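User: I would like a close look at a single part of this structure. Please take one residue and describe its surroundings step by step.

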There are 2 protein chains.
Amino acid sequence: MVGADPIGLEPLDERACRGLLGDRGIGRVAVSIGAVPAVFPVNYGVLDGDVVFRTTDGTKFDAAVRRAVVAFEVDEVDPLYHEGWSVLVVGRAEVVTDEDRLARAGRLPMAPWAPGPHEHLVAIRPAMVSGRRIVQGRPA
Amino acid sequence: MVGADPIGLEPLDERACRGLLGDRGIGRVAVSIGAVPAVFPVNYGVLDGDVVFRTTDGTKFDAAVRRAVVAFEVDEVDPLYHEGWSVLVVGRAEVVTDEDRLARAGRLPMAPWAPGPHEHLVAIRPAMVSGRRIVQGRPA
């Protein structure tokens, strides 16, 4: 199978990845706290091609303020039928302060993961987008 | 609410986290490739308190060989009802070579995420385990 790697995962092109990113509700953000990696679930949306999510002061916000390179991952996996895909976005996180973008983000169907105040909007501008789909059976 | 942080997430103690880790099927492993973070879904199991998953040569395997510090995250989130939890494990990844452990891992209800050869078993020995549960309503 053309494009399949030896473990049965078929690379997805960037357009397919961006399509899958669209509206999945929950993804995971990976950041480094010092040398230690951490992963958090977030409710996210896509705004002008950026992955955006709300957060309060804390690890994720600190990473955004520092304009850290973070990873964002979203997937859909059916373990029973061995079908699924995963998309990975890597880019700098930054706090959104533009009033127009904040207003438009407010109209996205995006709930914060947890109740309570979520004062900041963080955007990840994709520098790299990659993804993989599980292919049935072993590639040649 | 005692123990709740300002964004409505209640910390879970280590025992609760290890209970939730038990048998969720799919989690996400975060590794760094150079300075760039990446996240991958894996089918996992728990063996002797370690998080274990199968993989082939590649990013996750390379991290294990290097005995890198990696993060593993598993969550269950219901966006509609604002309920859920997430557990984060941080520890060194290493390739399992012990025959007894490999045999016991073979009896775990753990499928590889993708079909095809998955030649290596990687274990993450938890150095830090933390978790959070969403609490309903705003903490005081």
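Analyst: What follows is a look at Asp75(B), and then at Asp75(A). The model is a predicted one, with an ipTM of 0.78 and a pTM of 0.83. For chain A, the mean pLDDT is 82, and 81% of the residues reach 70 or more. Residues 1-7 of chain A have pLDDT under 50.

Start with chain B. Asp75(B) sits in strand E5, which covers residues 69-78 of that chain. Is this residue buried or exposed? Asp75(B) counts as buried because its relative accessibility is 11%, and the cut-off for buried is under 20%. Setting aside neighbours within four places in sequence, Asp75(B) is in contact with Arg28(B), Trp85(B) and Ser86(B), and also with Arg28(A) and Pro41(A). With Arg28(A), the side chain of Asp75(B) forms a polar contact of 2.7 Å. Arg15(B) lies 60 residues from Asp75(B) in sequence, and their C-alpha atoms are 16 Å apart.

Now turn to chain A. Asp75(A) belongs to strand E5 of chain A, residues 69-78. With a relative accessibility of 11%, Asp75(A) counts as buried. Beyond four places in sequence, Asp75(A) touches Arg28(A), Trp85(A) and Ser86(A), together with Arg28(B) and Pro41(B). Which side chain makes a polar contact with that of Asp75(A) at 2.6 Å? The partner is the side chain of Arg28(B).

To put the two side by side: a side-chain polar contact joins Asp75(B) to Arg28(A), and another joins Asp75(A) to Arg28(B).

Conventions. Residues are numbered from 1 along each chain as its sequence is written. Chains are lettered from A and ligands numbered from 1 in the order in which they are written. This is a predicted model: local features need pLDDT of at least 70, side-chain atom pairs count only at pLDDT 80 or more; totals for chains, interfaces and linings use all residues. Side-chain values use heavy atoms; hydrogens and water are left out. Helices (H or I, at least four residues) and strands (E, at least two) are DSSP runs, numbered from the N terminus. Buried means under 20% relative accessible area, exposed over 50%, partly exposed in between (1.4 Å probe, protein chains only). Contact means heavy atoms within 4.5 Å. A polar contact is a pair of N or O atoms within 3.5 Å; within protein, one must be able to donate a hydrogen and the other to accept it, and residues adjacent in sequence count only if both atoms are side-chain atoms. pLDDT is the predictor's confidence in each residue, from 0 to 100.
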